[in-house]
Amino acid sequence: MKPKSLQQAIDDAGSPMGVVWKPDAKAWSVPVIAPEYAGWRAEQAAWRDGVALSDLSHHMWDLWIEGPDALRLLKDYSANNYENFVVGQAKQFVPVTARGNLITDGILMRDAPERFNLSGVPASQSWIRYQGEKGGYDVAMTVDPDSGLRKEGDPLIFRFQIQGPLAMALSEKLFGGPLPSTKFFHSTPVELGGAHFRAFRHGMAGMPGYEFIGDWKDAAAVKEAILKAGEEFGLHHVGGKAYYTNGIESGWIPTPTPGVFTDPELRDYREWLSVFSYEGQKPLHGSFYSDNIEDYYVSPFELGYGKSISFTHDYLGREALEKAKGDYRRRKVTFVFDEADLARVFGRPDYLNTYGRYRVEKDGKMVGMSFQTGLIGPLNTILSLGLVDKEHAAPGTQLEFVWGEHPGPGHDAGGDYGFERLKVTVAPSPYNDHARGEYRKD
């Protein structure tokens with residue numbers, strides 16, 4: 001039997017919040033990869049102080065778009081600049097609705113003149129699949145789900161990421177010398193033991209490194225070679241627990257709420273989406289509850305994607321983005337917790353990572369919300385990545401973080417549920433100095 005659509009689920013629940021609000025929801029785990037290898041603290045420290053290997057082959061979705069209309073489809077439904085987009089280059093993909101709300105992001109790489117790969121969480125991929133199918137574009141699209149949802153077989157490609165201060169030295173050891181000079185978010189073809197693949201200049205934790213991408217048939221041999229070459233550098237294999245915390249310091253918000261739940265013109269899209277889609281299953285929870293899911297929508301400008309947005313061609317949402325570019329309300333920041341309040345509320349937590357939407361207040365008024373909060377072992381503190389009204393975004397601003405789980409629909413959105421309140425200080429995002437000042441220089 002065909003599962004109900006997202007729209008049917010919303011109709012049955014009475015609102016989008018009735019579908020997606022799930023108090024105390026656990027953060028998703030990485031499939032196949034062990035939660036820890038040397039321990040999550042040591043693995044977090046490796047990308048800051050040494051070198052770390054992250055196997056990204058299993059938790060990301062991939063969509064290949066190929067054909068004469070592939071570029072036209074992408075240009076029609078994303079805000080990126082496609083001028084001088086060369087083979088082997090990648091972009092932070094920015095698709096938006098007609099109202100300028102972000103669908104979600106992704107990494108778009110040009111594999112060939114008429115072939116592109118879009119990777120990441122599947123919301124942006126579903127958006128492009130739908131538009132490609134409904135718009136009659138001359139493209140072929142291939143989907144490879146993550147290994148937790150793939151019904152059979154292995155991934156189509158491997159992704160192995162090495163990052164950290166010693167990543168470049170490890171790369172030279174691995175390939176017998178330095179790789180060709182490669183700009184950030186560009187890739188270069190490489191060969192190792194007869195395997196041909198790409199070395200992509202990218203690192204999720206904001207540290208120097210490469211992401212090696214190639215056919216799955218070569219995955220075991222390439223990974224073994226990296227591990228062997230990494231022994232003299234103290235390489236750590238990163239487990240799932242540490243991996244999912246690396247965006248907090250580098251300033252990447254991984255789970256924005258797709259802005260597709262309410263627009264009347266997107267009803268057909270919601271009917272096309274299954275309730276078991278990312279949109280239907282990615283939970284919202286935390287101390288910030290609103291009956292209106294639009295209060296969770298975000299602008300790409302708020303997430304720092306302004307440099308990726310182009311106004312050189314027509315696309316869905318361009319007019320809304322042009323109006324918003326100089327007047328968006330919130331800024332992306334890091335919230336640093338007060339040590340005494342941390343000890344009072346959390347004691348000595350062994351591990352913490354949550355994507356809850358927690359209220360951030362000033363004098364009892366909500367002025368921001370968090371998107372990811374986690375314990376950073378090398379810093380021995382908890383950081384939270386979020387958005388705050390621009391008048392409270394200056395580093396050093398003192399605010400209050402509201403910790404707790406709102407029960408959701410049917411309960412007073414502003415009710416007193418005994419939530420804990422902790423003092424936080426606003427800090428820049430990215431929080432990591434290298435990610436903020438050096439990572440994207442080239």
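What is the mean pLDDT of the protein chain, and what share of its residues reach 70 or more?

1. **Confidence.** The structure is a predicted model, in which local features need pLDDT of at least 70 and side-chain atom pairs count only at pLDDT 80 or more, while totals for chains, interfaces and linings use all residues. Residues are numbered from 1 along each chain as its sequence is written, and side-chain values use heavy atoms, with hydrogens and water left out. The mean pLDDT (the predictor's confidence in each residue, from 0 to 100) is 94 for the protein chain, and 96% of its residues reach 70 or more.

2. **Helix H5.** Helices (H or I, at least four residues) and strands (E, at least two) are DSSP runs, numbered from the N terminus. Helix H5 covers residues 123–134, and its end C-alpha atoms lie 17 Å apart, in agreement with the 16 Å that its 12 residues should span at 1.5 Å a residue; the expected span is 1.5 Å times one less than the number of residues. Nine of those 12 residues are buried (under 20% relative accessible area, with a 1.4 Å probe and protein chains only), so H5 is largely enclosed by the rest of the structure. Among the buried residues are Trp127, Ile128 and Tyr130. Just after H5, Gly136 adopts a positive phi of about 70°.

3. **Nonpolar cores.** A nonpolar core is a set of buried Ala, Val, Leu, Ile, Met, Phe, Trp, Tyr and Cys residues joined through side-chain atoms within 4.5 Å. The largest has 55 residues, of which Ile65, Ile128 and Tyr296 touch the most other members. Several elements each supply at least two residues of this core, including strand E2 (61–66), helix H4 (70–76) and H5. The largest share, four residues, comes from H5. Setting aside residues up to four places away in sequence, Ile128 touches Leu63, Ile65, Leu73, Leu74, Tyr77, Phe93, Leu118 and Met141. A second, separate core of 32 residues includes Ala46, Ala393, Val424 and Val426.

4. **Strand E1.** In strand E1 (residues 52–55), Ala52 and Ser54 point one way and Leu53 and Asp55 the other, and all are buried. Two strands pair if DSSP finds at least two bridges between them. E1 pairs with strand E7 (residues 157–163) in the antiparallel sense over four bridges, with Ser54 opposite Gln161. E1 also pairs with strand E11 (residues 236–237), here in the parallel sense over two bridges, and Ala52 stands opposite His236.

Key:
Buried means under 20% relative accessible area, exposed over 50%, partly exposed in between (1.4 Å probe, protein chains only). Contact means heavy atoms within 4.5 Å.
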